[in-house]
Amino acid sequence: MDSRAAEIEELANAAAAGDATALHALLTVLRPDMLRICARFLPNREDAEDACQDALFALTRSIGGFEGRSSFRTWLYRLTANRARSTYQRLRGRFLAESGGVPLPDRPDPRRTSVVAGTRLDLLDALERLRPDLAEAVVLRDLLDLSYADIATLIAVPEGTVRSRIHHGRSQLRLRLAPPGGSGCAAG
């Protein structure tokens with residue numbers, strides 16, 4: 001473990017034990033990493049910042065529940081990814097309410113949305129249609145780059161189950177993200 005990771009683990013353990021100074025230091029150290037995680041999900045910087053604030057608040061509320069079953073980094077990634085996805089769901093719900101129920105376009109308008117942002121929106125929509133256990137496994141592996149072993153520890157299932165969920169989730173995502181009229185097959 002490098003010195004930064006060791007420092008974060010130490011701060012997390014102290015904060016979980018109720019040390020307010022450690023919690024403040026932890027939030028300060030983690031904010032840039034948490035913002036980067038949120039930006040992987042949300043194409044708009046302001047939306048990513050909102051999700052990051054929600055994640056920081058959630059961290060403050062739930063740090064006492066960190067039991068050390070997994071590394072703090074793994075626990076934090078899951079918490080932050082969940083807040084980013086919740087922010088997306090809230091924003092989407094607000095859009096639907098404000099648009100009078102007019103659904104979002106099937107594909108973002110390329111004249112008004114960057115290719116990267118459009119791809120992320122497509123991915124988020126596709127993830128929302130997956131079973132939650134499949135979506136969580138794919139997000140933890142492919143978006144947050146956690147190891148299979150870390151994911152297994154984090155969600156308390158055998159590593160083989162994690163691999164299976166990721167395989168099934170990726171297969172379903174390929175079908176959902178295939179261009180209209182495409183074969184749904186992807187290389188790799």
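Trainee: Which residues does Thr-74 touch, not counting residues up to four places away in sequence?
Mentor: This is a predicted model in which local features need pLDDT of at least 70, side-chain atom pairs count only at pLDDT 80 or more, and totals for chains, interfaces and linings use all residues, with residues numbered from 1 along each chain as its sequence is written. Side-chain values use heavy atoms, while hydrogens and water are left out. Contact means heavy atoms within 4.5 Å. With residues up to four places away in sequence set aside, the residues that Thr-74 touches are Leu-146, Asp-150 and Leu-154.

Trainee: Is Thr-74 buried or exposed?
Mentor: Thr-74 belongs to helix α4, residues 72–98; helices (H or I, at least four residues) and strands (E, at least two) are DSSP runs, numbered from the N terminus. Buried means under 20% relative accessible area, exposed over 50% and partly exposed in between, with a 1.4 Å probe and protein chains only. Because its relative accessible area is 0%, Thr-74 is buried.

Trainee: Which residues is Thr-87 touching, not counting residues up to four places away in sequence?
Mentor: Thr-87 also lies in helix α4, and its relative accessibility of 0% is why it counts as buried. Apart from residues up to four places away in sequence, Thr-87 touches Leu-42, Asp-47, Ala-51 and Asp-54.

Trainee: With which residues is Tyr-148 in contact, leaving aside its neighbours within four places in sequence?
Mentor: Tyr-148 is part of helix α7, residues 148–155, and counts as buried because its relative accessibility is 18%. Its C-alpha atom is separated by 9.0 Å from that of Ala-137, 11 residues apart along the chain. Once neighbours within four places in sequence are left aside, Tyr-148 is in contact with Arg-141, Glu-159, Val-162, Arg-163, Ile-166 and Arg-170.

Trainee: At what angle do α7 and helix α8 pack?
Mentor: Axes are lines fitted to C-alpha atoms, for helices over the stretch in contact, and angles run from 0 to 180 degrees between N-to-C directions. The axes of α7 and α8 (residues 159–177) are 8 Å apart, and the helices pack at an angle of about 105°.

Trainee: How is α7 placed relative to α8?
Mentor: Angles under 35 degrees count as roughly parallel, over 145 as roughly antiparallel, 65 to 115 as roughly perpendicular and the rest as oblique. The angle for α7 and α8 is about 105°. Therefore α7 and α8 are roughly perpendicular.

Trainee: How many charged residues are in the contact of α7 with α8?
Mentor: Tyr-148, Ala-149, Ile-151, Ala-152 and Ile-155 of α7 meet Glu-159, Val-162, Arg-163, Arg-165, Ile-166 and Arg-170 of α8. By class, 7 residues in this contact are nonpolar, none is polar, and the number of charged residues is 4. The classes place Ala, Val, Leu, Ile, Met, Phe, Trp, Tyr, Cys and Pro as nonpolar, Asp, Glu, Lys and Arg as charged, and the others, Gly among them, as polar.

Trainee: What arc do the buried residues of α7 cover around the axis?
Mentor: The buried residues of α7 are Tyr-148, Ile-151, Ala-152, Leu-154 and Ile-155. They lie on the same side of α7 because the arc that they cover around the axis is only 165°. The arc is that of the directions from the helix axis to the C-beta atoms. Cover for these residues includes α4, α6 (132–143) and α8, and the arc asked for is 165°.

Trainee: What phi does Ala-156 take?
Mentor: Ala-156 is found in the loop between α7 and α8, and its relative accessibility of 54% is why it counts as exposed. Although Ala-156 is not a glycine, it has a positive phi of about 60°.

Trainee: With which residues is Gly-169 in contact, leaving aside its neighbours within four places in sequence?
Mentor: Gly-169 has its place in helix α8 and is buried because its relative accessible area is 0%. The C-alpha atoms of Gly-169 and Arg-131, 38 residues apart along the chain, are separated by 8.2 Å. Beyond its neighbours within four places in sequence, Gly-169 is in contact with Leu-130, Leu-134 and Val-138.
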